[in-house]
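Let us walk through this protein together, with the sequence beside the 3D view. Keep the viewer open and pick out each residue as we come to its name.

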Amino acid sequence: MRTKLQKGIAIATMASTLVFAAGQWTSASATKEPIPAWASAELAYWVEAGLLKGDSNGLLRPQQTVNRAEFLTFVNRVFNYQALSDKKFGDVDASAWYAAEIAKAQAAGILQGDSRGNAQPLSALTREEAALILSRVFDVVSANAPSGTFSDDAAISSWAASAVYALKEAGYAQGAGGAFQPKKGMSRAEAVKMISNIMGSLISDSSVHENVNGRNVVVNTAGGVLKGAKISGDLYLAPGIGNGGFTLEDCVVEGTIYVLGGGTQGIVLKNTTAGTIKINNPQGQPKLTLSGSSSVKNGIEALTGAAIVNDSTTPIGSLNVRAGASASISVSGDVTLLTVDSAAAVSLGTSKIGTLSFTKQAGGAKAKLDGKAQVGKVIADASVSLTGSGEIGEAVVNAEGVAFEKAPGKWTLNAKSATIAGKSVTQSSSGSGGAGGGGTSGSGSVDLSTKIYSYDQVLSGFAETGAYGDVKQYVRFVRDSTYKPSEANAVIGATLPNFANSHTFVNADYDVKPSIFAALRSVNTSVLDARRENLWIGTDNGVMKINLATNAITEYTMENKQLADNKTLLLISDGSSGVFAITENDVSYIRK
C-alpha cells in the first residue's frame with residue numbers, strides 16, 4: 001500500500017493546475033483504448049487505488065462526458081463517505097447503481113437537488129457544477145469578493161461564481177485560452193484530473209507513511225500514522241476514518257487540518273504544528289489530542305461536537321466553538337481564549353482557560369467547570385449558565401439571564417441583574433464570592449465607576465467580540481496610518497457626505513452606526529443605550545447623557561476626569577445602559 005502513496009505524491013507533483021484543453025493521446029495496453037497523455041498518470045493511479053473502475057468491457061472511457069452520478073461517485077471514493085441519507089429524490093430509482101452514491105453525497109452535504117426535488121444523476125456535469133461541488137468538499141473559499149478573471153465571466157452563474165474564482169485563486173483551475181467555459185460538460189479524464197489537483201496525495205491504508213511532502217493530503221482510512229510530513233497546504237482526515245483514529249508525528253501542516261472523521265480512538269498530534277484545525281464530523285464525536293511540542297498557529301474551530309485534549313507544552317491560542325445547540329464540547333488542558341459562538345454545551349476538565357467568552361450568538365449555552373478547571377475571566381454577552389465547582393477569577397456580565405452556580409472572585413455587572421451562587425444580584429447591590437462550592441472566597445462587587453483605557457490597553461486587553469470587540473476594531477482603524485475615511489466605502493463606490501461626523505465612517509463590514517444625527521455639525525457621534533432610556537451625544541467638548549424620561553443632562557469631560565481628552569470620535573453602546581467613548585487618545589467606559 002505504500003506504493004500507492006508514493007505514486008500519489010508523484011502525481012501531485014506533475015499536476016498542479018487544471019487546464020481544460022485537449023492533449024496528445026497514448027494507448028493503454030490493457031484496454032486498447034486511447035488515453036490522453038496529460039491525464040495518463042492520474043488515470044493509472046486512480047485505477048490502482050480503486051477510485052476509477054472501467055465498464056463491463058473493462059474500458060475507462062476517458063473521453064466520455066462525465067455525468068453527475070459518476071462525478072459524485074469519484075468524490076465519494078476519495079473521501080470514503082459511508083453515511084447514507086434517507087432523503088429520496090424523485091429521479092433516483094432505488095435499484096440504480098448510483099442510488100447509494102447519491103445518498104452518500106446528500107448525507108455529506110454536497111448534493112442538494114434542484115427546485116423540483118430531483119438529483120439529475122444522469123445529466124452531464126458542467127464545469128461550474130464541478131467547481132461548486134469541489135469547493136464544498138475541500139472547503140476552498142476566498143476571503144476576497146469574486147472578481148472577473150475569465151473572458152467568459154458573464155456566462156458563469158451567480159451561484160457558482162464564488163466557487164469558480166476561489167478555485168482559480170487557489171491555483172486549481174485556470175481554464176483554457178482565458179475562458180472557463182462554465183456551461184460545458186467535462187470528460188471523465190478531465191474530472192479525474194480536476195479532483196486529483198486538489199486532492200494531492202491519498203492515504204487509504206493503515207500503514208506508517210514517512211516524509212510525505214506536497215501541497216494537500218487526504219486520509220480516508222483509520223489506523224495509519226504520518227511521520228515527518230511537510231504539507232504546504234491542507235490535510236483532510238476524511239469521514240472514511242469513521243470512529244477510528246489517526247496519528248501525526250513530527251509533521252508540519254502549514255494550512256488547515258480538517259478533522260472530518262475520527263472517534264474515541266482519537267486524532268493525535270505529536271510534536272506537530274498546524275496553521276488551523278477545523279473539526280466538522282456530524283457523524284461522531286472525535287477526540288483530538290495535542291501532545292509534546294504540538295501547536296496550532298491560528299487556532300481550533302469546532303463546528304461539531306468533540307473532545308479536545310491539550311497535553312502539549314503550548315497553550316491553544318484560540319478555540320472557537322460554533323457547534324449546534326445539541327452538540328457537546330469537552331476541553332482539558334490550557335487555552336488562552338475559548339470563544340463560545342453558539343448554544344453548545346461546553347465542559348471544562350483539568351484546564352486553565354485565560355478568557356472564556358460567550359458571544360451574542362451563544363444564548364442558551366451551558367458551561368460546566370470541573371473542580372480542577374480554572375478560568376481567568378468570563379465575558380458573557382448572552383444568556384448563559386455556568387455550573388460546577390471550578391474557579392472563575394473575574395466575570396463581566398453584559399446580558400440578562402446569566403447564572404453562575406459558584407460565584408466568581410469578582411464581577412462587573414453591565415446588565416440589570418444576574419444570578420450568582422443562587423442569589424439575584426443587581427447593579428445596585430454587592431456581595432461576596434466563594435459561595436456554592438466551598439472554594440477560595442473572593443470579594444465580588446458591581447463597579448460602575450468610569451474606567452479610562454489607553455489605546456494600547458484596548459488592543460492588548462479587550463476581547464474580540466461584543467462591544468469590546470467593536471471598540472477594539474475601531475481603535476485599529478484609528479491607529480492605521482493608511483486608513484482614509486474618504487476612501488472607506490470604496491467597495492461600493494460611495495462618496496461620503498459632508499457630515500461633521502463623516503470621519504467616523506469606516507469600512508463596509510463595520511456595523512457600528514456613528515450617529516443618529518448625522519447632519520448636525522456640532523455632533524460627532526450619538527447613540528441610544530440598549531434600554532432606550534438615555535441618549536448619549538459626543539462632541540468636541542466631551543460627552544453628554546440625556547435621560548429621555550426626565551430630560552436630565554449629565555456631562556462627562558476631561559475636566560471632571562471622565563475623559564482623557566474631550567474630542568469624542570465615536571460612542572459605542574455596551575449592550576446595556578453604558579457606553580464606550582472613544583476619544584482622540586483614549587477610551588472611557590462610562591456606566592453611570
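The structure holds 16 aromatic pairs, where rings of Phe, Tyr and Trp (its six-membered ring) pair if their centres lie within 6.5 Å, and planes under 30 degrees apart count as stacked, over 60 as edge-to-face and the rest as tilted. One of them joins F79 and Y236: the ring centres are 6.2 Å apart and the planes stand at 80°, so this pair is edge-to-face. Because F79 lies in helix α3 and Y236 in strand β9 (residues 235–237), the pair ties together parts that are 157 residues apart in sequence. Helices (H or I, at least four residues) and strands (E, at least two) are DSSP runs here, numbered from the N terminus. Are F79 and Y236 buried or exposed? Both are buried, a word that means under 20% relative accessible area, with exposed over 50% and partly exposed in between (1.4 Å probe, protein chains only).

Before going on, please note that this is a predicted model, in which local features need pLDDT of at least 70 and side-chain atom pairs count only at pLDDT 80 or more, while totals for chains, interfaces and linings use all residues. Residues are numbered from 1 along each chain as its sequence is written, and side-chain values use heavy atoms, with hydrogens and water left out.

Another pair to look up is Y468 with Y589. The centres of these two rings are 6.2 Å apart and their planes lie at 80°, so Y468 and Y589 are edge-to-face. The pair links distant parts of the chain, with Y468 in helix α9 (residues 466–479) and Y589 in strand β38 (residues 586–590), 121 residues apart. Y468 counts as buried at 10% relative accessibility, and Y589 is buried with a relative accessible area of 1%. Returning to F79 and Y236, you will find that ring pairs link them with Y81, F138 and Y258 into a cluster. A ring can also meet a charge: K168 lies over the face of F150, at 5.9 Å from the ring centre. For this, NZ of Lys or CZ of Arg must be within 6 Å of the ring centre and within 35 degrees of the ring normal.

Now follow helix α3 (residues 68–79) to its neighbour, helix α4 (residues 99–107). Their axes come within 9 Å and cross at roughly 65°; axes are lines fitted to C-alpha atoms, for helices over the stretch in contact, and angles run from 0 to 180 degrees between N-to-C directions. Which residues meet where α3 and α4 touch? A69, L72, T73 and N76 in α3 meet E101, I102, K104 and A105 in α4, contact meaning heavy atoms within 4.5 Å. By class, this contact has 4 nonpolar, 2 polar and 2 charged residues; Ala, Val, Leu, Ile, Met, Phe, Trp, Tyr, Cys and Pro count as nonpolar, Asp, Glu, Lys and Arg as charged, and the others, Gly among them, as polar.

Helix α4 is mostly covered, with 7 of its 9 residues buried, and what covers those buried residues includes α3. After α4 comes G109, whose phi is positive, near 85°. Helix α5 (residues 127–137) has 10 of its 11 residues buried, so it is largely enclosed by the rest of the structure. Its cover includes α3, α6 (158–169), α7 (188–199) and β9. Just after α5, D139 takes a positive phi of about 55°.

D250 has phi near 55°, lies between β10 (245–249) and β11 (252–259) and is partly exposed, with a relative accessible area of 48%. N271 has phi near 50°, lies between β12 (266–270) and β13 (273–279) and counts as partly exposed at 36% relative accessibility. Most residues other than glycine have a negative phi.

One more stop is S332, in strand β19 (residues 328–340). Not counting residues up to four places away in sequence, S332 touches I308, V309, N310, T350 and S351.

Finally, zoom out. The protein has 9 helices and 38 strands, and 51% of its 592 residues count as buried.
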